[in-house]
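Please read it alongside the coordinates.

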Amino acid sequence: MNDMIEIRWHGRGGQGAKTASQLLADAAFMAGKYVQSFPEYGPERSGAPITAYNRISAERCSVHSNIYEPDYVAVVDETLLESVDVCSGIKEGGAVIINSSKSPEELRPQLRGYTGRVCTIDAREISLRNLGAYFPNTPMLAAVVAVSECVEREQFLADMEGSYRHKFAKKPQVVEGNLKCLREAMSEVQG
Amino acid sequence: MSIRERLSGNEAIATAMRQVNPDVFAMFPITPSTEIPQYYAQYVADGRVDTEFITVESEHSSLSACLGAEAAGARAVTATSSAGLSYMNEVLYVAGSLRLPVVMAVACRALTGPININHDYSDSMAERDSGFIQIYAENNQEAYDNFLQAHRIAEHPDVRLPLMVCEDGFITSHAIENIELEEDDAVKAFVGEYHPEHYLLKKENPLAVGPYGVSGYYMEARVAQAQAMKNAKAVILDVAADFEKTFGRKYGFFEAYKMEDAEVAMLIMGSCAGTARAAVDELRSKGVKAGVIKLRVFRPFPGEELAAVLSHCKAVAVMDKSEGFSACGGPLFAETAGALFNSKERPLMIDVVFGLGGRDFTVTAAKSVFDRLVWIAENGVVDELYTHMGQRE
């Protein structure tokens, strides 16, 4: 399946990398795709490195192994760069998307010789600016969609708005902040 | 009309349970099956079901509570994994011998030790002789569909046996994938209501449940139970045929993929079957006549049917995702070899124990097994009968 996009998420237990992978699956599902979202569980300790995965395709994917050669890698916590070879196996033409206030050029020396595309997104700043608290998943999700183009932008934003209006039916005031997070992350992603 | 959704295996099974709306759900939590009662508790709280939801202090008790309910003529379900299933061991045999058709979801997980929460079939294979029917799923869709068929198989008057609907822990239970759900009313019409002929509280026909079986009676009871397991084969196929007519998805004892002219084949269960099919597609494009059989029904074991489809192959790998410590192969291998023993034609066969405790099984790994089979087929000799794969040396 040439049209299949494979994504690997790196985060720390409790930061929501698994949730981010589920949100991406939701977005792709709403766009009519076949999706897989699955976590890789080790010892479930808050703060320990965890991995989650997505496959997104036009037809159902029957493979149920982990992903070793992803198209894209999303890193929710940049401190993982010290201990995890996050860029391992990234396909040619792919990219790594890192949650950081630094530029791609500043981070590249930490990427163990990886020569492919590096993107950064300051999810903390965008989240604090729009939601008043640190929820990295929403900006990360938008950055991954913007870089991978696994879902068409306008459809993604329209579907997410519908989803937020349903999910936050009793808290409509948070809908706009989340939507701004998505839009601003899509335009502010570097690299 | 089917409903397009995306759910984890656990939520798919919980949804099937909600649609069946059984009389009793007795639960004790254990990873990775815990979400099933967790979702169900929400359905109870939201008033979407009128099930008696009983929280008990152990798995031994959860299955015992189900047996009490079933003996009283009610429809009862539970869910468990790993050590929880082991802790039910005594009660599993009671369920089978009392002929009480409790339906249980098992999110299969390794047994200790070392302690491990990930997938293999150590737990369900250890209970293969308990008298439960065992049906395995490749993904969330099959877990859901198998659950919709479960009660009709288990409760059939020719069968009346308990049944496990097995999904792969985490790989299926916690993976979100697309799924086609059926409408509540259509499911209820398909599953039907449960009106057993005999039950404890039927005043016109009082019944003793669980009496002592002296030597003069015990064997007759066991033979009747063995006959019920044989009878289950026809019922499983009948229910699958009606399921296909009603909902359009086809099921049997196993799914044969590109087996018509296969020279080398793999017999495998659960989520790894899809990975093996991807390997077959790659090998077929290079001219290798490879095929896969995904075993869905392990109990009753479809020995004759498997022998018929495997006998023409040159070399077959049986993939055991549990280690039985027999020192001569895993449980799936032993049964498959036994099934083929009296065939006039039969392939050379190897057992590969793999994937223990969640060790990943990749397309590359599947291809390496087929490479071995091609060598065996060409040389007409088995290199090594019983091996392990994927471990560090």
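What percentage of the 393 residues in chain B is made up of buried residues?

1. The model is a predicted one. Within chain B, buried residues account for 53% of the 393 residues.

2. On overall dimensions, the C-alpha trace of chain B extends over about 70 × 55 × 45 Å along its principal axes. As to secondary structure, chain B contains 13 helices and 15 strands. Its radius of gyration is 21 Å, close to the 21 Å given by the globule rule for 393 residues, so chain B is as compact as a globular protein of that length.

3. Contacts in chain B deserve a separate remark. Of those between residues at least 6 apart in sequence, 81% link residues at least 24 apart.

4. Chain B is split into two domains: domain 1 covers 3-247 and domain 2 covers 254-389. Taken over C-alpha atoms, the centres of domain 1 and domain 2 of chain B are 28 Å apart.

5. Where the two domains of chain B meet, 26 residues of domain 1 are in contact with 21 residues of domain 2. On the domain 1 side, the elements that give two or more residues are α6 (122-125), β6 (133-136) and α9 (215-247) of chain B. The largest share of that side, 5 residues, is supplied by α9(B).

6. The composition of this contact surface may also be noted. The side of domain 1 of chain B that touches domain 2 of chain B comprises 13 nonpolar, 7 polar and 6 charged residues.

Conventions
Residues are numbered from 1 along each chain as its sequence is written. Chains are lettered from A and ligands numbered from 1 in the order in which they are written. This is a predicted model: local features need pLDDT of at least 70, side-chain atom pairs count only at pLDDT 80 or more; totals for chains, interfaces and linings use all residues. Domain bounds come from an automatic or database domain assignment. Two residues are in contact if their C-beta atoms, placed from the backbone, lie within 7 Å. Helices (H or I, at least four residues) and strands (E, at least two) are DSSP runs, numbered from the N terminus. Ala, Val, Leu, Ile, Met, Phe, Trp, Tyr, Cys and Pro count as nonpolar, Asp, Glu, Lys and Arg as charged, and the others, Gly among them, as polar. The radius of gyration is taken over C-alpha atoms; the globule rule is 2.2 Å times the number of residues to the power 0.38. A residue is buried if 20 or more other C-beta atoms lie within 10 Å of its own, exposed if 12 or fewer, and partly exposed in between; C-beta atoms are placed from the backbone.
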